[in-house]
Amino acid sequence: MQRDLQITARNFTLNAAVEAEIREKAARLERYYERERISGCHVTVEGAVGHHHRGGPFKVRIDLRLPGGELSVDRQSADDLAVAIREAFDAARRELQDYARKQRGD
């Protein structure tokens with residue numbers, strides 16, 4: 001990625017292991033967009049208001065800046081942060097693959 005990954009947590013604090021998982025999944029997205037580099041990625045993880053210590057539901061948003069466009073993905077899970085992150089990055093991968101196919105003219 002040409003720019004640093006930005007990770008924002010709202011209504012709770014992300015631990016180091018979750019941040020590392022997000023960084024790893026964001027780095028893997030580069031595989032699915034080979035034409036040019038992803039120029040930026042911002043991941044926002046939001047916990048429910050008033051659930052600072054109990055957790056979910058969690059909402060994960062991924063914004064990708066690409067040459068010639070942007071992609072945004074919103075996903076959420078009932079109470080499991082790991083599932084919300086996985087689903088969001090799976091959706092981002094699919095969107096990125098579709099975007100790359102359209103640019104190639106497939």
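**Entry 1. Pairing of S1 and S2**

I looked up the pairing of S1 with strand S2 (residues 40–47) and found six bridges between the two, which run parallel. Strands here are DSSP runs of E with at least two residues, helices are runs of H or I with at least four, and both are numbered from the N terminus. Two strands pair if DSSP finds at least two bridges between them. For isoleucine 7, I noted valine 43 as the bridge partner in S2.

The model is a predicted one, in which local features need pLDDT of at least 70 and side-chain atom pairs count only at pLDDT 80 or more, while totals for chains, interfaces and linings use all residues. Residues are numbered from 1 along each chain as its sequence is written, and side-chain values use heavy atoms, with hydrogens and water left out.

**Entry 2. The sheet**

I then traced the sheet: four strands form an open sheet with mixed pairing, in the order S1-S2-S3-S4. Strand S1 (5–10) and strand S4 (69–77) are the edge strands, each pairing on one side only. Direction ignored, neighbouring strands of this sheet are turned by 10 degrees against each other on average.

I recorded that helix H1 (residues 16–28) packs on the sheet, touching S1 and S2, and that its direction makes about 140 degrees with that of S1. Helix H2 (residues 81–104) also packs on the sheet, where it touches S2, strand S3 (58–66) and S4; the direction of H2 makes about 150 degrees with that of S4. Axes are lines fitted to C-alpha atoms, for helices over the stretch in contact, and angles run from 0 to 180 degrees between N-to-C directions. Contact means heavy atoms within 4.5 Å.

**Entry 3. Overall count**

I counted two helices and four strands in the protein, and from the N terminus on the elements run β-α-β-β-β-α. Of the 106 residues, 40% count as buried (buried is under 20% relative accessible area, exposed over 50%, partly exposed in between, with a 1.4 Å probe and protein chains only). Among contacts with a separation of 6 or more, 55% come from residues 24 or more positions apart.

**Entry 4. Histidine 42**

I located histidine 42 in strand S2. The side chains of histidine 42 and threonine 8 are joined by a polar contact of 2.7 Å (a pair of N or O atoms within 3.5 Å; within protein, one must be able to donate a hydrogen and the other to accept it, and residues adjacent in sequence count only if both atoms are side-chain atoms). Leaving aside neighbours within four places in sequence, I listed the contacts of histidine 42 as Gln6, Ile7, Thr8, Arg61, Ile62 and Asp63.

**Entry 5. Helix H1**

At the start of H1, I found a side-chain oxygen of asparagine 15 within 3.1 Å of the backbone nitrogen of alanine 17. The buried residues of H1 are Val18, Ile22, Lys25 and Ala26. Seen down the axis of H1, these buried residues fall within an arc of 100 degrees, so they line one face of the helix; the arc is that of the directions from the helix axis to the C-beta atoms. They pack against S1, S2 and H2. On the face turned away from the buried side, I noted the exposed residues Ala16 and Ala17.

**Entry 6. Leucine 81**

Leucine 81 is found in helix H2. I noted a relative accessible area of 15% for leucine 81, which is therefore buried. Apart from neighbours within four places in sequence, leucine 81 is in contact with Phe12, Leu14, Val18, Val45 and Phe58. From leucine 81 to valine 60, I read 21 residues in sequence and 8.7 Å in space, C-alpha to C-alpha.
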